[in-house]
Amino acid sequence: MRRTGRKTPRAILVALIFFAAGPGPLVKADPASTERLESLQDEMKRLQGEMAGLASRERSVLGDVARMDAEIALRRTELEAVSLRLEDTETRLAASERAIANVAAGQARRAPQLAARLREIYKRGPAMLLARAIAPLESTEGLDGFRYATYLSHRDASQLAAWRAAAAELTVERTRLTGEREKLATLQTVASRKEAELTAGRASRASLLTRIRGDRAQHEQAFGELEEAARNLGRLVESFEGATSRVGLDVRKFRGLLDWPAEGVVSAKFGRVVHPRFKTEVPHPGLDIDAPEGKPFRTIFDGRVAYAAPLNGYGLTVVVDHGNGVVSIYAHAAVLLVETGENVIRGQELGRVGESGSLRGPYLYFELRDAGRPVDPSSWLRRR
């Protein structure tokens, strides 16, 4: 007998895939990563404002260095932001691939059972199944027949619904996977460009420093500007005197017992330094500590952060007010981890060593002032 209007089991299975409904689960963003990304966005805005301010100033050797430092910091921040997005995209891509694998495995497990059930429905037809259900109506088992028919109906509907939902999820995840792969490729291109820009910026800065070191006129101009920067630092410290705080412990009582702010060899001591080539002698009211770039530097005593920002000639700088007229200064940082007004405790990390504002590469410049005057930090720090 010829049947009409009925699909084969294979056709039914294919048709079910297209009755998709409901998206698959989304991957939640890492809160720490999101917070860091927001922080980087704020930092980029700050650096863009700093670059605009530097561009409006009169050209100078230290100004050129500061502009390059700001540009390098901006490129580094942009690269970190892109890297975070890249990492997030890779995580989402891996999640989509896992989701597709899980859904496909579930479909593979369901397929034989569903195919067998559909073949049975196709062969017997709905009328045959109904006949089986109502055949025992004349006996006391008639009600059980109806219950069984109801159970079969619900089971079939549940299996088909599960198949449809899984097929829909598979379609959504495959679409998402395609989008994540495209996003990944775009971010990889952007990351490569930002890395190249950062490398170019560092090369330009190195070239500028080479010219300053090799040209006597530029060298003398730079040191003249550094002397003015030192006077500006003195005026900055003096401005804190009216608001200087008194702490429970007087740092002077711990003279000779304070920990060093960073690890590294002292390459320039307190006093005066002489340029090896041009024999220029200039005051050096602090210590140059050759700590590796990226290493932490720490406050030598409890206090309050009186200043944490870029400073002409010193780069990213932190000034800690220890109370009773004593302040410590940490300059040429790559990153600052504290803010103005923040209370700090002895040994707390203030930032990471860098070369911002430096004319010779990464190191920590450390200065100590008592009653506004520079003092030799070596006599306040532990012997080593």
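The points below go through the aromatic pairs and then the charges over rings.

1. Please keep in mind that this is a predicted model. Searching the whole structure turns up four aromatic pairs, and I pick out two of them here.

2. Have a look at Phe254 and Phe301, a tilted pair with 5.2 Å centre to centre and 45 degrees between the planes. This pair links distant parts of the chain, 47 residues apart. Phe254 sits in the loop between helix H5 (216–238) and strand E1 (265–268), while Phe301 belongs to the loop between strand E5 (296–298) and strand E6 (303–311).

3. Next come Phe297 and Tyr330, whose ring centres are 5.9 Å apart. Their planes are at 20 degrees, so the pair is stacked, because planes under 30 degrees apart count as such. Since Phe297 is in strand E5 and Tyr330 in strand E8 (residues 326–336), the pair ties together parts that are 33 residues apart in sequence.

4. Both Phe297 and Tyr330 are buried. Together with Phe366, Phe297 and Tyr330 make up one aromatic cluster.

5. Finally, which arginines lie over the face of a ring? Arg384 lies over the face of Trp260, at 3.7 Å from the ring centre.

Definitions and conventions
Residues are numbered from 1 along each chain as its sequence is written. This is a predicted model: local features need pLDDT of at least 70, side-chain atom pairs count only at pLDDT 80 or more; totals for chains, interfaces and linings use all residues. Side-chain values use heavy atoms; hydrogens and water are left out. Rings of Phe, Tyr and Trp (its six-membered ring) pair if their centres lie within 6.5 Å; planes under 30 degrees apart count as stacked, over 60 as edge-to-face and the rest as tilted. Helices (H or I, at least four residues) and strands (E, at least two) are DSSP runs, numbered from the N terminus. Buried means under 20% relative accessible area, exposed over 50%, partly exposed in between (1.4 Å probe, protein chains only). A charge sits over a ring if NZ of Lys or CZ of Arg is within 6 Å of the ring centre and within 35 degrees of the ring normal.
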